[in-house]
Amino acid sequence: MAKNINVGIVGATGYTGLELVKILLNHPSFTLTYIANSEGGTTINKLHSSLNGVCEDEVQKADVDVIAKECDLVFLAVPHKTAMAYVKPLMALGVKVVDLSADYRLTQEVYEEFYVPHTDIENLEHVVYGLPEMFRKELQYASLVANPGCFPTSAILGLLPFMEKRQEGTPIIIDAKTGVSGAGKKLSETTHFVNVNDNLFAYNPLMHRHAPEIAQKLNVDFDEVNFVPHLVPLTRGMISSIYIQVDGDFDAPSHLRKYYKDEKNVRVSEIPVDMKNVAGTNFCDIYVKRKGNMLFISSAIDNLMRGASSQAVVNANLMMGLDENAGIPNIAYVP
């Protein structure tokens, strides 16, 4: 296995940035040589006191030219719109990029409908969507990877094995619940403790901007995807309850096991899945049950890990010719 591949993180202030630091500090081949945010002038342990005595590296103000000198690959853990401002010059300087924002996940038309005008159309043609179960071969040759959203990761992995069995044109219903860390570190009225504690609510039902991402990757019309996210009073974790109508005589659990038999990061469960058993890991646990022509699919991930940072490192491993699970945590935070 190749050693001493220099990597960097832009956007170290947030939760996904912290998770990236934690993974990369123990990675057998990646050396974390560059940590940055929009301001600089601090250290990573001052941003995240959990790193006191573990990592106290300088956090610089992000600079494209410095990144190009110090890094073979960089993770962008920054908001949408901000990411593409970095990607364009970094790609021109030959730095490989894993982008954790939404800037390169969608076509230009769909992105601009749900986000903002796109300023790097050229690189939309070169990006690979970072879901290894779908695009593993392409990821091995990628220079730019769009790391999937957390909700789409959970939903797509649950649905993929059964799309060929689905009754064409029938609704895909995804009832998803996520921990508050998925909303990011910045406080808002929605994520305020007083609003979240002892509470449960849906937000942006049916029109959430992750719905077109799900539809696009599953190659179905947006109108067929009925996606409703909920915020639950938990720190981390995500579970999707998915309902589709299917045709044909087949055993759903057997079909699911066969589909994912060679996938190291998908575990097929014989009982309904839960968030705790995947917390702190890159696993996606999936359960399925059939009643007549209706399938119930339950899919659980850690929203900060499989839904963001650990999946980003898996993608980087593939991009750099490493074992895809190099340095990836696989023991859950239980109890």
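**Close-up views of a predicted model**

**View 1. Cys55, a buried cysteine of this predicted model.** With a relative accessibility of 4%, C55 counts as buried. The closest cysteine sulfur to that of C55 belongs to C71 and lies 14 Å away, which is too far for a bond.

**View 2. C284 and its closest cysteine, C150.** C284 is likewise buried, its relative accessible area being 0%.

**View 3. The open sheet of 7 strands.** The strands follow the order β10-β11-β9-β12-β15-β14-β13, and their pairing is mixed. At the edges stand β10 (201-202) and β13 (266-268), each of which has a single partner strand, so that one side of each is left without a neighbour in the sheet.

**View 4. The pairing of β13 with β14.** Strand β14, formed by residues 284-291, pairs with β13 in the parallel sense over 3 bridges. Within this pair, V268 stands opposite I286 of β14.

**View 5. Helices α8 and α10 on the sheet.** Helix α8, made up of residues 150-159, lies across β9 (172-178), β11 (225-231), β12 (238-245), β14 and β15 (294-301), and runs at about 40 degrees to β12. Helix α10, which comprises residues 211-218, also packs on the sheet, where it touches β9 and β11, and its direction makes about 140 degrees with that of β11.

Key. Residues numbered from 1 in each chain as written. Predicted model: local features only at pLDDT ≥ 70, side-chain atom pairs only at ≥ 80, totals over all residues. Heavy atoms only, no water. Disulfide = S-S within 2.5 Å. Buried < 20%, exposed > 50% of the residue type's maximum accessible area, 1.4 Å probe, protein only. Pairing = 2+ DSSP bridges. Helix = DSSP H or I, 4+ residues; strand = E, 2+ residues; numbered from the N terminus. Contact = heavy atoms within 4.5 Å. Axes fitted to C-alpha atoms, helices over the stretch in contact; angles between N-to-C directions.
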